[in-house]
Structures are given as C-alpha cells and as structure tokens.
Amino acid sequence: MHLREGTLEDIPYVADIGCEALWDDEIVQYLAPNRADYPRSHRDNYLYRTKKRFFAGDRLIVAVTEDEDEARTGKETIAGFAFWSDTKGTSKPQPLPTSILGNRFEQFVLRIEGTYRWYFNIDRSYNKLRFAKFWQVLSENPFFEDITHHWELEVLAVHPAYQRQGLGSTLLSWGMVQASRHQLPVVVAATHNGKHLYRKHGFKECGRIDLPDSAFSWTAMVRYPGQARPPDMDPSPWLSSVLCHTSFRCVDC
Ligand SMILES: CC(C)(COP(=O)(O)OP(=O)(O)OC[C@H]1O[C@@H](n2cnc3c(N)ncnc32)[C@H](O)[C@@H]1OP(=O)(O)O)[C@@H](O)C(=O)NCCC(=O)NCCS
C-alpha cells in the first residue's frame with residue numbers, strides 16, 4: 001500500500017469509495033435520507049461534488065494497493081483517499097492537475113451543473129430543505145475562523161474492505177506531517193465515526209454544531225503543530241515508509 005497524488009482519472013473511483021464509505025455517515029443520513037431509494041442519484045451527486053473539490057484545487061491524496069497486497073489483484077486499486085485544503089495555499093499540488101479544457105472552464109461548467117441540479121431536483125436522494133438549513137447553520141457558525149492559518153482535512157474515507165488496517169491513520173498523518181512543515185495546525189469537522197481516529201492522533205475538540213431538527217452534530221477538532229503524538233501513535237516503520245514514499249518529500253528524510 002502506498003500514497004500518491006490523486007489524478008483526474010481517479011475521480012470516479014474516489015467518488016465510489018466516498019459514496020460507499022460515507023453511506024451511513026451522520027451528515028449523509030441527515031442530508032440524503034432518500035439515498036436507499038435513489039442510490040444512482042446519490043452516487044452522481046457524490047461524483048459531482050468530488051469533481052468540484054478537485055477542480056477547486058483541494059489536494060487529493062489516494063492510498064493504493066500494490067501487487068504484493070494480500071488481495072493480489074495484480075493492478076493498482078484505490079482503497080482510500082483524503083482531500084486537503086489550507087488557508088495559505090501551501091497544500092496545492094505543484095503543478096496543479098488540469099483537465100484538457102482547463103480548470104477554470106471546468107469550474108464554470110460545474111457551477112452551471114450545480115445550478116441545474118438544484119433547480120431541477122436532479123438529486124432525488126437529498127432533502128433540499130435540510131440542505132438549505134445545513135448551509136445556513138454552517139455560514140452562521142464558521143468553525144475555524146479563530147484559527148486563521150490552518151490545514152483542513154476536508155474528506156477522509158477508506159473503502160469498507162480496507163478499514164481498520166491503518167489506512168485512515170496514514171492518510172491523516174500525511175497531512176499532519178505536511179502542515180507541521182509550515183508550522184500550521186490541522187483542523188477537521190468530524191462526525192461521530194471519525195472522532196475516535198482524530199482523538200487517537202492528538203486532535204482536541206474545539207466546537208460543535210448541532211444539525212437542526214436532528215440528533216446529529218458536527219464536532220470541530222484541531223491539532224496544533226509541535227503537539228506530542230500520543231505514545232501509541234509513534235510512527236511505525238510501515239507508516240514511516242509510506243510517508244517517505246518517493247511520491248512525496250518527507251520532512252523526516
Ligand atoms: C474513519 C475512517 C476513515 C477510518 O479509517 P481506517 O483505515 O479504518 O482507520 P485506521 O485503521 O487507521 O484506524 C485508526 C483508529 O481509528 C479508530 N477507528 C477507526 N474506525 C473506527 C470505527 N469504525 N469505530 C471506532 N473507532 C474507529 C480506532 O481507534 C482505530 O484504531 P484501532 O484500530 O487500533 O482501534 C473509516 O472508518 C471510514 O472511511 N469511515 C467512513 C467515513 C468517515 O466516517 N470519515 C470520517 C468523517 S469525519
């Protein structure tokens with residue numbers, strides 16, 4: 001297993017993993033209560049949002065299996081991914097991945113697609129009223145406005161078949177290492193499922209948003225640079241070798 005930069009070709013696979021891994025996520029349960037009735041529509045929406053993130057310049061890191069993996073598929077398989085962004089722009093890949101048509105044009109087309117989706121009710125799995133409330137609550141309660149400069153873990157998902165094998169930790173550690181090179185804290189808006197993982201990596205809770213008319217909430221978590229790792233999270237040789245993979249410059253090398 002190793003990490004590499006995500007590419008345009010990875011987007012459909014990343015969308016599939018995100019859609020599957022986050023199927024029972026609390027925010028998804030809240031926003032897309034009809035996803036079981038309209039799975040295709042739900043998946044299309046996830047693909048749309050994945051493309052939006054990618055062309056907006058969020059940094060996509062994918063974890064891929066290799067030949068020597070137990071599954072022995074003989075080809076590279078994406079097993080998990082993370083989208084990262086940061087307030088200083090240091091997380092952007094160099095050079096930026098581009099589509100044939102150019103990122104600005106892609107963003108323009110995606111904006112039109114978004115408007116079309118919204119007004120013509122394309123995403124049947126979603127509850128539009130909840131969506132609107134959700135964005136209102138978020139805009140009224142900006143999570144990390146006090147932490148001016150930071151790296152943010154926007155999405156983290158590992159395919160269910162590869163969970164609890166350290167992949168989520170590895171994808172998270174990648175961003176923590178990069179952020180610490182710039183002396184920046186890492187923040188994440190965590191749902192219930194992710195909180196254990198973030199706590200384990202030394203993140204502390206710093207805020208909470210309750211979703212309107214539901215029992216679900218979102219927890220703001222932050223980890224400052226220089227904060228000691230919990231003792232059981234000292235990088236294992238396996239983790240170090242992943243972080244030092246040739247695709248990336250590693251601070252420890
Ligand atoms: C959360 C997620 C990314 C973790 O990925 P992973 O590869 O399984 O994580 P790791 O194997 O590195 O697990 C590290 C630690 O996180 C915690 N953890 C991971 N999954 C957990 C779960 N389902 N329940 C409770 N704790 C969990 C555990 O403390 C675990 O350590 P342990 O296995 O020694 O007990 C993965 O379960 C996932 O994709 N979930 C759905 C999407 C999601 O919830 N994303 C986060 C939204 S904020």
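The buried residues of helix H1 are covered by, among others, helix H3 (39-56), strand S2 (59-64), strand S3 (78-86) and strand S4 (151-158). This description concerns a predicted model. The protein contains 8 helices and 7 strands, and buried residues account for 30% of its 253 residues.

**Overall fold**

- Of the contacts between residues at least 6 apart in sequence, 75% join residues at least 24 apart.

**Helix H1**

- Helix H1 spans residues 11-21, and its buried residues are Val14, Ala15, Ile17, Gly18, Cys19 and Ala21.

**Helix H6**

- H6 is largely enclosed by the rest of the structure, because 11 of its 15 residues are buried.
- Among the buried residues of H6 are Leu167, Gly168, Trp174, Met176 and Gln178.
- From its first C-alpha to its last, H6 reaches 22 Å, which is close to the 21 Å expected at 1.5 Å a residue.
- Just after H6, Gln183 adopts a positive phi of about 55°.

**The ligand shell**

- The ligand is surrounded by 20 residues, of which Gly168, Ser169, Asn193, Gly194 and His196 are the closest.
- Two or more residues of this shell come from each of S4, helix H6 (167-181) and helix H7 (192-200).
- H7 provides the largest share of the shell, with 5 residues.
- By class, the shell comprises 8 nonpolar, 9 polar and 3 charged residues.

Terms used. Residues numbered from 1 in each chain as written. Predicted model: local features only at pLDDT ≥ 70, side-chain atom pairs only at ≥ 80, totals over all residues. Buried ≥ 20, exposed ≤ 12 C-beta atoms within 10 Å, placed from the backbone. Helix = DSSP H or I, 4+ residues; strand = E, 2+ residues; numbered from the N terminus. Contact = placed C-beta atoms within 7 Å. Near = placed C-beta within 6 Å. Nonpolar A, V, L, I, M, F, W, Y, C, P; charged D, E, K, R; others polar. Expected span 1.5 Å × (residues − 1).
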